[in-house]
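This report describes selected features of a two-chain model. The sequence and structure come next, followed by the description.

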Amino acid sequence: MVLPNFIRSMTRTIFPENERCPVPLPAYVTDEWLAAQGVTDKRRLLANLRSEDEVMRPERLRAIKATPLSFARSLLQKMVAERWLIEAQSVDVDADGAGTLVYRIVAADRVMTFVVFARRSDGTEYPGRIFEPNFDFLAALFDGDVDAARIEREQQELDGKVWHGRTDNACLGWTLANRSVRFFNHTVERLERGEQPDEEFLKTGGGYLIRNAGWYGNGRFGSRSWKALDSGHPLSYPYHLDIFPLYLWRTVGYDVVEAIARRRNPAAAVPLASRLKAWMGVGNSSGIGMIAALVRWPSWMSAYNFPRELALALVFSQSNAFDAKAAKRFCQLLQRAARYYEEQPDCPIEQVERPTALSAALRRTAHIAKQLQQKHLGRKAGNTNYWKEVADFAQTLGSPELSEQVNALLLETFPRFTDAAMELFPEAMKIERRVDPLIRLGALRSIIAERYSWALRIDQSAPGARAHFWYKSEENGENRRGDREVDPGVDKETFVDVVGAVQALDAALADQPNEKQVAEFLVERPELSHVVSRVQLAQWVPYSEIRGNIIDANFLPMDGIRFLLSTMGLESSHPHSTRWVRGTFLQGAPLPEMIRAGAGDDWLLPALGRSVNALQSAK
Amino acid sequence: MTMHVSYGELIRTMPEAIRMLGFTYSQADDSAESIIWTECVLGEGYELLRDADPSVAGAPVQTVKCNGEGVGTVLSLGNRPAFAFAARIADLATVKAASDEASIIRVHGATGPAVAPFIAFRIARSGYGALVLWNPGPRHNTDDRRPMLIVAPPAGATIGILRDCSFLTSPLRNDLPFACARSISQAWYERATAPHPEDEILVLAARMADRSAGELDDLLAKAQSTFGPVEAIDVSERLERAIAEGLEVPPERHRILTRLTSRIRIPSSERSRAQAG
C-alpha cells in the first residue's frame, strides 16, 4: 500500500523507543540534533523526560515558570545580540499626558515604526477589557517608515473607531495599554518635584507603570499575517511579534512620565533613574480566553512544553565531570530568585503559593545545593548526577512553584541546551493537526487507550463535572465562562471540552470494526473529525493536552492562564481572581541604550533592595 | 471599492462563521480550509458561505450515506454544501486509491461547485492524481453554473480547470492516461442520456507514476488546443500571495463572514461581564 506523502512523513515519528519511552519523540528532534547536544545514550535522555501526567496536570501548569525559552527572553536575547536601535523620534505630549509618540526601530537593518496615541487621563484605572472604549494608550507597529499622512489615517481608524477601524498590510498590529494609575501618578508627581519615586511603594504594585491591554496582530483588523513575515524579518520567530510591543510599552511608560513632569515643572523635573527603569517591567492582565486558545491549538501546546522538557532532560542526562563553575552560577541564581520573591507582592488567592514562602524554600534549596557540591566535587565523567539531586530535593519540599523555579534556573545555568532547544521551536510550531485518513479504527482505539486513558477515567456524570462552558460575548467577542445550568449560549459554546470529545469518540468507536479506515468512519461521522485529528496528533507529539477536566466546577482557569503567560515570559503573576491574572513582563530587561550597546543580557529576576536612601544617593 | 482582509483573519474567523451555518464545531474546524483555499485561489470562497446560508441554517447534524457497491462509493449529501464535506470526500478518495490503485467517489446532492477544485487539490497534495467533475443537475445547468472538470497532478502545486467539458464526449477521452479515468467520461455520457436531478460531483483519485502525470499535462494541452482555454492555476503562488499580501475584497462580500461570525456571540449582562475574569 502506498501512503500519502504527509502520512509518510508523520509515521516516521511514532514511538521510536516504544519500549520505555515516556512520551512520543517528535520527528523534528533528529538524531543529528541529539548528537550535536552530545547525546550518546538516547534512552537515558528519554528516561529523564518528565511524564505528561506530571507536567500537564492543571495544578502543575499553574506553577511553571518563565525560562530562557520563554518568548520574552528569547526576544531580548536576539535584540541584545543584534544591538537593535530603539529611539524616540518624537515625544509630543502635554502636561496631562495626551499626545503622540513616534519610535523608530532598526533591527538587523530592517526598520519598524511604533506610533503611540496617548490620551488624557481622568484618573480612572481602566481594566483593559476588550470591549471597553476607554484606554490610556493606543498604538500601531508598522513595518518600515511611515509618513505623517499615514499616522493621521491610523489615528482615525485606531483611536477614532476603537474596535471598529481597519488597517492594512503595512501594519504589523495594534496594541493597547493603560496606566497603572496610582504608580504612574506617583512617579510623575515625584519626578516633577525633582525626586525619585518611593521604591517600597512601587514594589507593592508589582513594578510597572503601564499595563498592556492586548496585542491585535496576525491579521486582526486587516493587519499583516505573521506567516507573511519572511524568515529574515527580525520578528519572524514565533511570538516575538506579540512580545515586542510589550517592550515598547515599557519604554513608552518611562518617556511619558518624564515628558509630563517636564511639561509641568521644566525647571525642577528630573528623569526617572536608570536603575529604577531597569528594575521595572510592564504590566499585563489576562482572562479566561487564554484557556480556549490553549485548547484550540494542541500542537502549539506541545511546542510550548516539549523543547523546555527536552532541555531539562538534557541537563539531567549529562555524563561529564562535575562542573563546579556551573554549580556556583546555579547557586547564585537560587539566591537571586529568593531575593526576587521576597520583594513580590502577596496574592490573595488561596491556591497560589506565598512569595515569601517560596523565597524561603529557594534559600533552603540553595543551601542544600551548596552542600551537595562538596559531595560531587572531583567526581569524574559518568559518575555525577548533581543537577538531578538538587531538583529531586526541591521536589521533596512539596512546593510545585519551587520545583518549577528550580527547573527554570537549571535551564538558566545551561544556555547551550536552551539555545539548542530554541532551534526546535519554529519546527514544533509548524506541525499541523490533520486527520490521517488511512489509519484503521482498531489502531485509533489503541491510541486513545495509550494517550487518553486520563480522559477516559474522568467521570463526567459526577456532580459538577460539566458545570461550565466557555462562550464569546456580544461585547466584542470577549471570552467568558458560564454555568451550563443557568446561562444562555450553551449551543454556541467554544470548544474546550477535550475530555467529553474523547469519550464521545471512544463510545462511537465501540461498535465499529477494527479494520475500517478513518476516512470511511468520518464520512459517516464528520462531527468527530476534530477529535480524531487531535487524538492522532497526540500520537506524534507529547505534552499537547491539559490533563484535566476543563469544564469541571473545580477547574481553575488561572492555572492555564499562568502557564501561558509564563511561556510567553511573564516573570511574576498575581492572580486577581481564579479567572483573571495580572503580572509583570520584562522586569529587569535591558533599556534601549543597553540593547544598542549589546549589554545587559543577564537581567533575570531583579531585586531592588530595601533602601530608598541608597537610590537617592546613587542618583 | 475594496477592503483589505488578512489571511490570518480568515483562519481565525472562518470556523465560527461555518458553525453559524448549522454545522458542529468539528465540521466547521474541518471545513474552514476549503473555503479559505477557494477564496485565496479562486476568489469564490465567500460565495460558498453566502449560498449555504439559507439552505442549511439551523439544520441538524449532517449525515451522508456511504455505499461501497458498484462502480465506486456513492455519497448523498441531500443538497448540503459540498465545502462541509470536501476534506472527507477527498480523504475517502485518497484512502481508496491507496489500496485499489484508483478510486471513484460519486457525490449526489452537493451544493457549492466552487469547492470542487479544493477536493482535487487536497487529493493531489497527498501525492495522488485527481480528476474531479462537477456535474450540475438540470435545474442548475445554466450559463453561470456549467459543468467543469478539474485536473490535479500529484503534489498539488498546480491545477487545471476545464470549463468546456465537451472534451469528454470527443475522441480525446480515449487519451485519458489511466483506465479508471474513463469512468469520468462514462459518467458524463450517463448524465447526458439520463440526467440525475441533483448536482453531482465525481471524484477520481489515482496513483500516478511520473510518466502518467506527464500524460495528464499532454492531455490538458490537447484539450486546450481543441476546445479552448484550460484555466491553469498555480495554486502555490496564489496561496503564498494571499498569505503575504492579504486579499482585497468588496466590503459587502466580507460582510457575509462578519455577519455570520457575530451570531456566535451571546448577549451580554452584568452577570455575563463578571464571567470573564
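## A histidine in chain B

The side chains of B:H108 and B:E200 make a polar contact at 2.8 Å. A polar contact is a pair of N or O atoms within 3.5 Å; within protein, one must be able to donate a hydrogen and the other to accept it, and residues adjacent in sequence count only if both atoms are side-chain atoms. B:H108 belongs to strand β4 (residues 102-111) of chain B. With a relative accessible area of 14%, B:H108 is buried. Buried means under 20% relative accessible area, exposed over 50%, and partly exposed in between (1.4 Å probe, protein chains only).

## Basis of the values

This is a predicted model, in which local features need pLDDT of at least 70 and side-chain atom pairs count only at pLDDT 80 or more, while totals for chains, interfaces and linings use all residues. Residues are numbered from 1 along each chain as its sequence is written, chains are lettered from A and ligands numbered from 1 in the order in which they are written, and side-chain values use heavy atoms, with hydrogens and water left out.

## Chain B as a whole

Chain B has 10 helices and 10 strands; helices (H or I, at least four residues) and strands (E, at least two) are DSSP runs, numbered from the N terminus. Of the 277 residues in chain B, 59% are buried. Among contacts in chain B (heavy atoms within 4.5 Å) between residues at least 6 apart in sequence, 74% join residues at least 24 apart.

## The interface of chains A and B

The size of an interface is often given as the accessible area lost when the parts come together. Chain A and chain B bury about 4900 Å² between them, 52% of it on carbon and sulfur atoms. This buried area is the accessible area (1.4 Å probe) that two parts lose on being put together, summed over both. In terms of residues, 68 of chain A are in contact with 55 of chain B.

Seven salt bridges are found across the interface, a salt bridge being a side-chain nitrogen of Lys or Arg within 4 Å of a carboxyl oxygen of Asp or Glu. A:E520 forms a salt bridge with B:K96, with the closest N and O atoms 3.7 Å apart. On the side of chain A that touches chain B, the elements giving two or more residues are α1 (5-11), β8 (468-472), β9 (479-483), α22 (518-524) and α23 (529-540).

## Helix α8 of chain A

Helix α8 (residues 181-192) of chain A has 12 residues and reaches 16 Å from its first C-alpha to its last. Nine of the 12 residues are buried, so α8(A) is largely enclosed by the rest of the structure. Among the buried residues are A:F183, A:F184, A:H186, A:R190 and A:E192. The buried residues of α8(A) pack against β4 (137-143), β5 (171-179), α9 (199-204), β6 (208-217) and α10 (240-264) of chain A. Just after α8(A), A:G194 takes a positive phi of about 85°.

A:R44 lies in helix α3 (residues 42-47) of chain A and is partly exposed at 29% relative accessibility. Leaving aside neighbours within four places in sequence, A:R44 is in contact with A:F316, A:S317, A:Q318 and A:S319. The side chain of A:R44 reaches the backbone oxygen of A:S317 at 3.0 Å.

A:E82 is in helix α6 (residues 71-82) of chain A. Its relative accessible area of 33% makes A:E82 partly exposed. A:E82 and A:A107 are 25 residues apart along the chain, with their C-alpha atoms separated by 7.1 Å.

Key: The expected span of a helix is 1.5 Å times one less than its number of residues.
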